[in-house]
Amino acid sequence: MLLAYALLLISLLSACSRYSPASITSNPDPKAARTNVDQELLTRLAQIASAARGKVGVAAVVLETGELASLNPQDHFPMQSVYKLPIGMAVMKQVDAGKIKLEQKVRVTKNDFSGRASHSPIRDKYPNGTELTVNELLGWMLRESDGTASDVLMKLAGGSEAIQAYLTEIGIKDMIVLDTEKAFAQDHSLQFRNWATPEAAVTLLRALHERRGLSESSQTLLLKLMTESRPGAKRLKGLLPAGTVVAHKTGTSGTEDGVTAATNDIGIITLPNGRHLAIAVFVADSPADEATREGVIAKIAKAVWDKWSK
C-alpha cells in the first residue's frame with residue numbers, strides 16, 4: 001500500500017511540473033514573443049518621438065532575422081543629404097560596369113559649387129575650382145556630406161534620371177532623387193521633392209548589405225566611407241557603446257521660422273552578436289532645438305539596440 005501511494009504521488013507531482021504555468025511560459029511561442037517585443041518597442045519609440053514635437057518616421061530591421069519595428073514607415077520625408085547614399089551606389093554600379101573609373105580626374109568649376117547655403121568643404125578649400133578623382137569626390141560626399149561633390153557625381157552618373165533608374169533596377173520604391181543640392185539650397189521648397197519613406201530607406205540599406213547590383217569591392221568602399229562619416233556623431237551613434245560600427249548617412253535642412261524641415265540619419269549598425277541592424281530615422285517639421293532632435297534619433301537607435309543586441 002505504501003509503495004502504491006508513493007508511486008501515485010510521484011506521478012501527480014510529475015504531471016504538475018510538466019503543465020504548470022511556469023513551465024509553459026519558460027518556452028513561449030517564438031512568433032508570440034516577437035509580437036510582444038515589437039509592441040513594447042513600438043510604444044517606446046512613440047514615447048521618444050514625442051519630444052521632437054514634429055513628425056518622426058522610423059524603420060528598423062535586423063537583416064539576418066527579419067525582426068522589425070517601425071513608426072510612420074510609409075510616410076514621405078525630405079531626405080536632404082541622405083540622398084547622397086543612392087547617388088554613391090549608382091556611381092559605384094557604373095564603376096563596376098567600367099563606365100566610370102575611380103581614379104579618373106573630374107574638373108570641379110566655380111559653377112559647380114552648391115552655394116553658400118549648402119555645406120561644401122570643397123568650395124571652401126578650393127574657391128577657384130579644382131580637379132579631383134572620382135574616389136576623392138566619393139570621400140567628400142559620404143565622409144563629409146559635401147554638396148558640391150554630390151552634384152558633380154550625380155552629373156557624372158547621368159543626372160537624376162540615371163539615379164532613379166538605378167533605384168528602380170534594384171527594387172527601391174518610394175525614394176525620389178530629383179534635384180541637385182545647388183537647386184534646393186537656392187529654393188528650399190525643392191527639398192520636399194527629394195523624399196523617401198523610412199521603409200524605402202531601410203530597403204536601400206538592405207540592398208547595400210546584400211550587394212544588390214554592386215561588387216564586393218564597391219560595397220566595401222561605400223561602407224568604409226559611411227563608417228568614417230563625420231557629421232551626425234550625436235544621432236544614430238550618439239548613445240551606442242564606444243567602438244560600435246555604424247555605417248551611416250545623415251541629412252539636415254536649414255531652420256525657417258523656428259521649424260527644421262529635416263533632421264535625419266540612416267545606417268547599418270553592427271550588433272554585438274554579429275548581426276546587422278538597418279535603421280532609418282527621419283525627424284521632420286520640428287520646432288525643437290538641434291540637441292533635442294538629434295537626441296530623439298540617438299534614443300531611438302539605443303532603444304532598438306537594447307532590444308536586439310543580445
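Guide: Let us start with Ile100, which is buried, with a relative accessible area of 4%. Please keep in mind that this is a predicted model.

Visitor: Why is Ile100 called buried?
Guide: Buried means under 20% relative accessible area. Ile100 has 4%, so Ile100 counts as buried. The residue sits in the loop between α4 and β4 (105–108).

Visitor: What does Ile100 touch, leaving out residues up to four places away in sequence?
Guide: Contact asks for heavy atoms within 4.5 Å, and on that basis Ile100 touches Val91, Gln94, Val95, Val134, Leu156 and Ala157. Take Val134 as an example: Ile100 and Val134 are 34 residues apart in sequence, while their C-alpha atoms are 8.2 Å apart in space.

Visitor: Ala157 belongs to α7 and is on its list of buried residues. How many residues of α7 are buried?
Guide: Nine of the eleven are, so α7 is described as mostly covered, with buried meaning under 20% relative accessible area. The buried residues are Gly147, Thr148, Ala149, Ser150, Asp151, Val152, Leu153, Met154 and Ala157. Their cover includes α4, β4, α5 (121–125), α6, α8 and α9.

Visitor: Which residues of α8 are buried?
Guide: In helix α8 (residues 160–169) they are Ser160, Ile163, Tyr166 and Leu167.

Visitor: What makes these residues one face of the helix?
Guide: Looking down the axis of α8, the buried residues fall within an arc of 120 degrees, so they line one face. As background, an α-helix has 3.6 residues a turn, so residues three or four places apart point the same way. On the other side of α8, Glu161, Thr168 and Glu169 are exposed. The buried residues of α8 have cover that includes α4 (84–96), α7 (147–157) and α10. After α8 comes Gly171, with a positive phi near 85 degrees.

Visitor: How do you know that Arg143 and Glu228 form a salt bridge?
Guide: The cut-off is 4 Å between a side-chain nitrogen of Lys or Arg and a carboxyl oxygen of Asp or Glu. For Arg143 and Glu228 the closest N and O atoms are 2.9 Å apart, so the pair qualifies. This pair links distant parts of the chain, with Arg143 in helix α6 (residues 134–144) and Glu228 in the loop between α11 (216–227) and β7, 85 residues apart.

Visitor: What makes Glu228 partly exposed?
Guide: The class runs between 20% and 50% relative accessible area. Glu228 has 30%, so Glu228 counts as partly exposed.

Visitor: How are Asp179 and Arg193 classed, buried or partly exposed?
Guide: Asp179 is buried, with a relative accessible area of 9%, whereas Arg193 is partly exposed, with 40%. The two form a salt bridge, their closest N and O atoms being 2.8 Å apart. The structure holds 13 salt bridges.

Visitor: Which residues line the second largest pocket?
Guide: The lining consists of Ala59, Ala60, Val61, Leu68, Ala69, Ser70, Pro73, Glu199, Val202, Thr203 and Arg206. Elements giving two or more residues to this lining are β1 (55–62), β2 (68–71) and α10 (198–209), and α10 gives the most, with four. By class, the lining has seven nonpolar, two polar and two charged residues. The volume of the second largest pocket is about 180 Å³.

Visitor: And what is the volume of the largest pocket?
Guide: The largest pocket has about 570 Å³. Its lining has 29 residues, with Gln80, Ala117, Thr252, Ser253 and Gly254 nearest the centre. β7 gives the most to this lining, with four residues.

Visitor: How do the lining residues of the largest pocket divide by class?
Guide: There are seven nonpolar, 14 polar and eight charged residues. Gly counts as polar under this scheme.

Technical notes:
Residues are numbered from 1 along each chain as its sequence is written. This is a predicted model: local features need pLDDT of at least 70, side-chain atom pairs count only at pLDDT 80 or more; totals for chains, interfaces and linings use all residues. Side-chain values use heavy atoms; hydrogens and water are left out. On a 1 Å grid over the protein atoms alone, a cavity is a set of points where a 1.4 Å probe fits but cannot get out, and a pocket is an open set with protein on both sides within 12 Å along at least five of seven lines; lining residues have an atom within 4 Å of a point. Grid points are joined across faces, edges and corners, and a volume is the space filled by probe spheres set on the points. Buried means under 20% relative accessible area, exposed over 50%, partly exposed in between (1.4 Å probe, protein chains only). The arc is that of the directions from the helix axis to the C-beta atoms.
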